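Colleague: I would like to learn how to read some features of a model, beginning with a helix and going on to contacts, cores, strands and rings. Could you give me the general idea each time and then the case at hand?

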Amino acid sequence: MTCKKIFLSLIFLMISHFAFCANDISLMKKAKEQGMTFYWDSLSETGMLEKNGHQISFRKNEEILLLDNAAMIISDAPTLVNNQIYVSARFIEDANNFFADDSENMFKVGAILIDAGHGGKDPGAGKTYEINGKKVLIQEKDINLRVAKMLYERLKTAYPDKKIILTRDKDVFLSLSERTDIANGVKVPENEAVLFISIHVNSSLNKTSSGYEVWYLSPGYRRTVIDKSVAEDDKSLFPILNSMMEEEYTTESIMIAKFIMDGLQSQIGNESKARGIKAEEWFVVKNSNMPSVLIELGFVSNEKEALLLNNEAYLKKASLGIYNGISAFITHFERSKGFTAANEN
């Protein structure tokens, strides 16, 4: 190569480098165009991009990009001009390369199964009260189905890309084993989760008992949640893998329970009291191979609360509270790529 050609090549590389590194791209505008969520903290002068369950953290005038709080790369430093963040084409390319490799493998909630407890010949808890001079039988199976249908409509509208399934959509009897068979029969890709939400109403010999509660499977209960074929080559691996997955389901169930409890409290307020999150080995929950919770909406044995549970407006509040809790869990689960326990500690 002649000296002239070498000189021209160097000039071309220098021009290309400066053109590539010029911070002339508005990050806010580019992030919106490419489906990234952009956060900026003006006090600390740090920012973050989110997409496909991944995060990129950066700081003004620094070349280091932190990827998912686990790895680092060197890129062009972002600059702040007139309170706007500007970046180079290289910065955008590095971000896109990082986000792209998980576009098909991100963890997400693929299906939500809503189980309206009881039904048909099994009415569940029930009590007759006088309403406007008439005797009215308030039955658990009816309340469960009304709330389940409301929740179904909300989820179906909000998440058209997810499978939203009712175990029953009318007054029919399903055994507990049939319900869990329906749940475990839902097929989703390996990177997708199924949530199991069972809706019930409480009753007590104590007529003053009142309030709503959310139950999850007791960590003390041991079950088989994975296919034994995954450890065909080494049988000693099966109990280890099963235990790990079981603990993950329990952690996620506790988180769902907490989000739903928060959602119910926000919507119901002082109309009924929150009895808290509890653990139990409910058959309908313990045999489902997925994160699962059981919600007790209130006590039909308490006249004041029974009348609330017979009120359409109140049930809409309850269904909205449950929906908001599920929605909050989905957001957390999908943004953290499914690793809820690891990201909480």
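Modeller: Helices (H or I, at least four residues) and strands (E, at least two) are DSSP runs, numbered from the N terminus, and the expected span of a helix is 1.5 Å times one less than its number of residues. Here helix H4 (140-158) has 19 residues and reaches 27 Å from its first C-alpha to its last, close to the 27 Å expected at 1.5 Å a residue. This is a predicted model, in which local features need pLDDT of at least 70 and side-chain atom pairs count only at pLDDT 80 or more, while totals for chains, interfaces and linings use all residues. Residues are numbered from 1 along each chain as its sequence is written, and side-chain values use heavy atoms, with hydrogens and water left out.

Colleague: Which residues of H4 are buried?

Modeller: Buried means under 20% relative accessible area, exposed over 50%, and partly exposed in between (1.4 Å probe, protein chains only). The buried residues of H4 include Glu140, Lys141 and Asn144, together with Ile143, Leu151 and Leu155.

Colleague: Which residues touch the most other members of the largest nonpolar core?

Modeller: In soluble globular proteins, nonpolar side chains tend to be buried together. A nonpolar core is a set of buried Ala, Val, Leu, Ile, Met, Phe, Trp, Tyr and Cys residues joined through side-chain atoms within 4.5 Å. The largest one has 48 residues, of which Ile112, Ile260, Leu297, Ile322 and Ile326 touch the most other members. Helix H9 (residues 312-335) supplies the largest share of this core, nine residues. Not counting residues up to four places away in sequence, Ile326 touches Ile112, Leu151, Leu155, Leu195, Ile197 and Ile260.

Colleague: How many bridges join strand E2 to strand E3?

Modeller: Strands of a sheet pair through backbone hydrogen bonds, either parallel or antiparallel, and two strands pair here if DSSP finds at least two bridges between them. Five bridges join E2 (residues 37-41) to E3 (residues 46-51), and the two run antiparallel. Trp40 stands opposite Gly47 in E3, and in this hairpin, with four residues between the strands, Glu45 takes a positive phi near 55°.

Colleague: Why is the pair of Trp40 and Phe58 classed as stacked?

Modeller: Rings of Phe, Tyr and Trp (its six-membered ring) pair if their centres lie within 6.5 Å; planes under 30 degrees apart count as stacked, over 60 as edge-to-face and the rest as tilted. The structure holds six aromatic pairs. The rings of Trp40 and Phe58 have centres 6.3 Å apart and planes at 20°, so the pair is stacked. Trp40 lies in strand E2 and Phe58 in strand E4, 18 residues apart, and the pair thus links distant parts of the chain. Trp40 is partly exposed at a relative accessible area of 26%, whereas Phe58 is buried at 4%. Ring pairs link Phe38, Trp40, Phe58 and Phe91 into a cluster.

Conventions:
Contact = heavy atoms within 4.5 Å.
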